[in-house]
Amino acid sequence: MSIKHSELILNPDGSIYHLNLRPEHIATDIIFVGDQYRVDKVTKHFDTIEFTTQKREFKTTTGTYKGKRLTVISTGIGPDNIDIVLNELDALVNIDLETRQVKEKHTQLNITRIGTSGSLQADIPVNSFLLSSHSIDLNGMLLSYQVEEIAHQEIEEAFIKHTNWSKRKSYPLVIANGKSLEERLLSEKVFTGMTATAGGFYGPQGRVLRLPLQDAELNNKIDSFNHNGIRVTNLEMETSAIYGLSKLLGHNAASINALIANRANGTFSEDPGKVVADLIIYTLDKLAE
Ligand code: R1P
């Protein structure tokens with residue numbers, strides 16, 4: 001069945017609607033960064049650059065690092081953008097854009113997020129690296145899809161009970177990450193844990209400027225959650241969306257974050273730029289191995 005023009009939208013040059021990319025422009029190993037200006041901070045280490053484009057906040061560069069073909073894409077901020085980026089990347093490899101039909105042969109992408117995040121645990125300090133073994137989705141984007149098969153109900157129910165999670169908020173979906181990319185990126189210098197993915201920066205992450213929170217104790221309850229050793233280690237805005245959509249679409253994913261703040265003891269990195277620069281080199285070298 002051919003996918004309608006209103007659902008799979010292409011630009012006049014045949015590129016996909018928001019990302020402005022055609023299939024030949026991307027590698028199967030892809031790095032996501034949030035900030036469009038961070039793309040160059042990754043690709044400045046490349047041996048060669050073959051392609052670059054930008055539309056809105058989505059900047060893409062493809063080239064090679066130590067001979068390995070890689071694509072770097074900025075996703076902007078939040079799970080809503082991840083819905084666009086992951087669906088459009090998947091369409092580039094798994095839908096024939098001319099016939100608008102799903103290809104018989106599935107192509108699997110390896111997607112690594114290099115992000116920044118705040119630690120929630122006093123024993124995971126600023127300037128550390130953390131790879132998300134699990135993610136808990138607090139924003140609801142994934143609930144538009146059929147997620148039953150990827151959900152971890154036992155952890156979800158324990159979280160709802162422990163936090164007295166409001167029924168008026170979206171259901172906190174828990175996703176365990178696949179191991180193949182995780183194993184390529186781990187080392188003794190990388191913490192692991194469950195990353196909470198919020199749909200906003202202030203209230204949704206428990207920050208108060210002028211507006212009181214629905215539950216002022218929620219962050220403390222999230223910090224103290226521990227289900228058979230699974231703790232919520234950090235808060236950010238993309239990981240659950242990347243993990244959930246990657247699993248549903250049959251791609252590998254890993255989210256590795258530079259922890260630039262510690263919400264448990266109120267500290268912030270004195271040199272966040274250096275931590276991110278170190279994480280970029282660490283990740284590139286691991287992906288090129
Ligand atoms: C908020 O300041 C942004 O920073 C974090 C959050 O997830 C959110 O996108 O990650 P990035 O630095 O990767 O964008």
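Predicted model: local features only at pLDDT ≥ 70, side-chain atom pairs only at ≥ 80, totals over all residues.

Reader: Which residues of helix α3 are buried?

Author: Helices here are DSSP runs of H or I with at least four residues, strands are E runs of at least two, and both are numbered from the N terminus. Buried means under 20% relative accessible area, exposed over 50%, and partly exposed in between, with a 1.4 Å probe and protein chains only. In α3, which spans residues 153-163, the buried ones are I155, E156, F159 and T163.

Reader: Why do the buried residues of α3 line one face of the helix?

Author: An α-helix has 3.6 residues a turn, so residues three or four places apart point the same way. Taking directions from the helix axis to the C-beta atoms, the buried residues of α3 line one face because they fall within an arc of 100°.

Reader: Which exposed residues does the face of α3 turned away from its buried side carry?

Author: The buried side packs against β8, β9, β10, α5, β11 and β12, where contact means heavy atoms within 4.5 Å. On the face turned away from it, the exposed residues are Q153, E154 and K161.

Reader: Which element gives the largest share of the lining of the largest pocket?

Author: A pocket is an open set of points on a 1 Å grid over the protein atoms alone, where a 1.4 Å probe fits, with protein on both sides within 12 Å along at least five of seven lines; lining residues have an atom within 4 Å of a point. The largest pocket is lined by 20 residues, with T116, S117, F201, E236 and M237 nearest its centre. Two or more lining residues come from each of β7, β12 and β13. The largest share, 4 residues, belongs to β7.

Reader: Is N228 buried or exposed?

Author: N228 sits in the loop between β11 and β12. Its phi is positive, about 50°, although N228 is not a glycine. With a relative accessibility of 68%, N228 counts as exposed.

Reader: What is the relative accessible area of N127?

Author: N127 lies in the loop between β7 and β8, and has a positive phi of about 75°. N127 is partly exposed, and its relative accessible area is 43%.

Terms used: Residues numbered from 1 in each chain as written. Heavy atoms only, no water.
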